[in-house]
Amino acid sequence: MSRTDEIIEMDNRFGAHNYHPIPVVISRAEGPWVWDVEGKKYLDCLSAYSAVNQGHRHPHIVKAMKDQVDRLDLTSRAFHNDVMGEFLKKLTRFCGFEKALPMNTGAEAVETGIKLARKWGYEVKGIPKDKAEIIVCSDNFHGRTTTIVGFSSDPDAYEGFGPATPGFKMIPFDDLDALKGAITDNTAAFLVEPIQGEAGVKVPSEGYLSGIRQICTDNNVLLLLDEVQTGFCRTGKRFCWMYEDARPDVLLVGKALGGGLYPVSGILADGELMDVFTPGTHGSTFGGNPIGSAVAMASLGVLEDEELDIRASELGEYFMSRLREIGSDRIKEVRGRGLLVAIELFESAGKAREYCYKLKDRGILAKDTHDTTIRFAPALTVEKADLDWVVDQVRAVLEE
Ligand SMILES: *Cc1c(COP(=O)(O)O)cnc(C)c1O
């Protein structure tokens with residue numbers, strides 16, 4: 001039995017079966033590349049769902065983490081520590097908001113945004129007790145907590161986990177009229193991804209982001225943008241909302257904030273709104289901890305120093321135009337923004353997963369979503385020549 005098979009068997013034997021991974025066992029990583037236990041090298045075109053925008057084990061981030069580990073570990077928020085404040089100062093400046101609240105995972109950031117929106121709804125907007133509504137979109141992905149899966153439209157995500165938390169209303173994505181129609185006096189917020197990543201990199205029509213901003217403003221409804229996946233330069237700007245100047249009231253971030261080394265998430269808002277939270281109303285043992293704070297500060301530093309927003313934008317345009325040149329009759333569409341790219345295949349072309357297996361054999365790790373779509377999201381530090389090579393491999397598997 002190969003080392004790969006042995007390890008996969010161990011995972012299956014001792015672990016819960018809540019994932020269906022591509023059968024590769026990774027044991028080493030550097031920059032955009034990873035190596036499996038047999039020594040084979042791959043270009044990582046998933047980047048842990050965009051948590052590794054800076055590339056694996058970026059030396060600046062690794063150093064910041066090691067230095068911090070040698071000095072101070074965990075304090076909890078019962079005391080101050082000498083790292084969190086610097087981190088929040090850097091984060092708020094990077095994102096262009098007055099205040100931030102640090103958490104750990106993306107789902108926690110979403111939960112934090114929901115709590116803030118509801119409390120604002122009652123205390124500021126004057127919604128009657130327990131009547132607050134939050135509007136969400138079908139095909140959303142916001143995480144895996146009980147409340148979040150309760151407003152998912154994917155049966156795999158919600159079935160068997162009811163009863164769902166009340167107070168959510170679903171509308172189609174990329175539909176401004178549906179948003180206008182769904183708002184009532186009790187609407188506290190609209191929660192949406194600027195590009196639906198897990199749904200298969202669904203990019204909304206031009207004018208959608210500015211449109212939802214306007215509708216929310218006109219109706220005194222908070223706009224909560226989930227940029228856990230699209231944020232931190234992935235789509236070619238620091239945040240995807242910047243394409244249409246659709247600055248949200250609450251920005252939800254995670255994934256690449258931790259540079260692939262440590263889970264760090266958070267929400268950003270301006271002072272008056274954030275002040276809805278008072279002592280005791282929200283918290284997290286690990287949120288804002290010194291190691292996460294040091295890692296996140298370094299992760300932001302890398303995005304700035306290496307201008308990864310510009311790099312993602314230029315490389316993404318180039319990559320998509322080269323993929324479109326393939327011109328295979330199996331390809332329905334190549335779409336994306338920056339280096340968040342998807343190829344959607346016609347159903348007649350077979351399952352996207354089969355192509356992911358073939359790409360794996362050729363040294364590319366990509367992940368299928370929703371049967372017919374293959375997502376490509378390499379580290380933003382990837383080289384142009386590597387993308388040319390990816391295009392050649394994609395062309396080859398489509399011609400097989
Ligand atoms: C990954 C993701 C989340 C959840 O993040 P976790 O860290 O897995 O909890 C939330 N929203 C979006 C858009 C995501 O892509």
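## Domains and their contact

In what follows, contact means heavy atoms within 4.5 Å. The structure is a predicted model. Its domain assignment gives two parts: domain 1, made up of residues 3–54 and 307–399, and domain 2, which covers residues 59–305. The C-alpha centres of domain 1 and domain 2 are 26 Å apart.

On the side of domain 1, 29 residues are in contact with domain 2, and the partners in domain 2 number 30 residues.

## The interface in detail

Between domain 1 and domain 2, an area of about 2,300 Å² is buried, and carbon and sulfur atoms give 55% of this area. Within domain 1, the residues that lose the most area to domain 2 are Q54, R337 and L340. Together, these three residues account for 32% of what the domain 1 side buries.

Polar contacts also link the two domains: 17 residue pairs are counted between domain 1 and domain 2, with both residues of each pair at pLDDT 80 or more. One salt bridge is found across the interface of domain 1 and domain 2. A salt bridge is formed by E198 and R375, whose closest N and O atoms are 2.8 Å apart.

## Surroundings of the ligand

Which residues surround the ligand? The shell consists of T105, G106, A107, F141, H142, G143, E193, D226, V228, Q229 and K255. Sorted by class, this shell holds three nonpolar, five polar and three charged residues.

## Atoms facing the ligand

For A107, a backbone N or O atom lies 2.8 Å from an oxygen atom of the ligand. For F141, a backbone N or O atom lies 3.4 Å from a nitrogen atom of the ligand. K255 takes part through its side chain, in which an N or O atom is 2.7 Å from an oxygen atom of the ligand.

The ligand taken alone exposes 380 Å², and the protein buries 81% of that area.

Technical notes. Residues are numbered from 1 along each chain as its sequence is written. This is a predicted model: local features need pLDDT of at least 70, side-chain atom pairs count only at pLDDT 80 or more; totals for chains, interfaces and linings use all residues. Side-chain values use heavy atoms; hydrogens and water are left out. A residue is near a molecule or strand if one of its heavy atoms lies within 4 Å of it. A polar contact is a pair of N or O atoms within 3.5 Å; within protein, one must be able to donate a hydrogen and the other to accept it, and residues adjacent in sequence count only if both atoms are side-chain atoms. Accessible areas come from the Shrake-Rupley method with a 1.4 Å probe; for residues, only the protein chains shown count as cover. Ala, Val, Leu, Ile, Met, Phe, Trp, Tyr, Cys and Pro count as nonpolar, Asp, Glu, Lys and Arg as charged, and the others, Gly among them, as polar. Domain bounds come from an automatic or database domain assignment. Buried area is the accessible area (1.4 Å probe) that two parts lose on being put together, summed over both. A salt bridge is a side-chain nitrogen of Lys or Arg within 4 Å of a carboxyl oxygen of Asp or Glu.
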